[in-house]
Amino acid sequence: MDLDLKGRTAWVTGGSKGIGRACAERLATEGCEVLLISRTAADLEAAARAMTADTGTRVRTFPADLSKSEEVQRLWASEPAPDFLVNNAGAIPSGSITDIDETRWREAWELKVFGYINMCREAVSRMQARGSGVVVNIIGAGGEKPRPEYAAGAGGNAALMALTRALGAHSLAKGVRVVGVNPGLIRTERLERQLRIRAASQFGDAERWRELLDPRFPPGKPDHIAAMTALLCSDLSANTTGTIITIDGGACAR
C-alpha cells in the first residue's frame, strides 16, 4: 500500500535503536526525508548509514539530549518544523516505588516525560501556525495496565497518554493531529534489560529472564509499531487524533 508520504519530512527521536530505528526506517522506505535524533552521535551515524543504504533515501542526524530544554530549543531552531514528529526517546527503568530512588526517577522523566512535553509544545505550536502536521507519541502499555514492578514507567506513560489525548482532542481544528501508540512487549535490547531486572528481583538470577515470557503470547516486533506509526502519519488516518492505539498482542485485555 502506498501511503503517499514521499517528500514529506519526519523527525524521529530515539531513532538510532529499537522501535525508533524501525519507525525511521519505515518512514524512509515510504519516501520521507528523515532526521534521526538521539544523544549518541556515533550510534546515529551508524544507523543513518545503514538506513540510507537500505532505503535509498538519505537519512540525516541531529545529536541532542532532549532531557535538556536548551537542547530542544537548539533542535527546533535548526530548521523548519517537520511534517511528522515521532517522539520515542527515553526508557524509564523497571522497579517498584522503593527500588527507584528520586534521582533515577527524575532523570528518567526528564527525558521521556518532559522531553515529550517540550517536543510537543514546539511541534504543536509550529504545526498549527502552518496549518498541518502530525505528532505520534510512542508511549507504552505500562501506562494502560499499571504494574507495581514498573511504577515509574506506569506513571510516566499514563501522563503521556493524558497529554496526547488533551492535545489531540482539539488540534484537528487547526490541521494538526496528535496520536499515541502504546507498544506492549516488543523484542528489543531494552526488553531484555527490563526482564533481566525483574528476573533478578523475582528469582535472584537475571539469567532466568526468558522464564518471564509467556510462550503462548510472544513479544511483538519493532516493525509492528513502525507500520502503525507510518499509517498514522498518512492521510489515510486523517480523522484519527487524540487517541491511543495499543499494540500488545492483547496483553492489556487479558
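Predicted model: local features only at pLDDT ≥ 70, side-chain atom pairs only at ≥ 80, totals over all residues.
The strands form an open sheet of seven, arranged in the order β3-β2-β1-β4-β5-β6-β7 with parallel pairing. Its edges are β3 (59–63) and β7 (244–247), each of which pairs on one side only. Between neighbouring strands of this sheet the average turn is 20 degrees, direction ignored. Strands of a sheet pair through backbone hydrogen bonds, either parallel or antiparallel. Within this sheet, strand β1 (residues 9–13) is paired with strand β4 (residues 84–87) in the parallel sense, over three bridges. Ala10 has Phe84 of β4 as its bridge partner.

The second largest pocket holds about 170 Å³ of space. Its lining consists of Ser94, Gly95, Ser96, Asp99, Ile100, Arg104, Glu149, Ile197, Arg198, Ser201 and Gln202. Helix α6 (residues 189–203) gives the most to this lining, with four residues. By residue class, the lining of the second largest pocket comprises two nonpolar, five polar and four charged residues.

A disulfide is a covalent bond between the sulfur atoms of two cysteines. The search of the whole structure returned zero disulfides. For Cys32, the closest cysteine sulfur is that of Cys233, at 6.9 Å, which is too far for a bond; the cut-off for a disulfide is a sulfur pair within 2.5 Å. Cys233 is likewise in no disulfide, and the cysteine sulfur nearest to its own is that of Cys32. Cys32 is buried, with a relative accessible area of 0%, and Cys233 is buried with a value of 1%.

How values were computed:
Residues numbered from 1 in each chain as written. Heavy atoms only, no water. Buried < 20%, exposed > 50% of the residue type's maximum accessible area, 1.4 Å probe, protein only. 1 Å grid on protein atoms, 1.4 Å probe; cavity = no way out; pocket = protein on both sides within 12 Å on 5 of 7 lines; lining within 4 Å. Points joined across faces, edges and corners; volume = space filled by probe spheres on them. Helix = DSSP H or I, 4+ residues; strand = E, 2+ residues; numbered from the N terminus. Nonpolar A, V, L, I, M, F, W, Y, C, P; charged D, E, K, R; others polar. Pairing = 2+ DSSP bridges. Axes fitted to C-alpha atoms, helices over the stretch in contact; angles between N-to-C directions.
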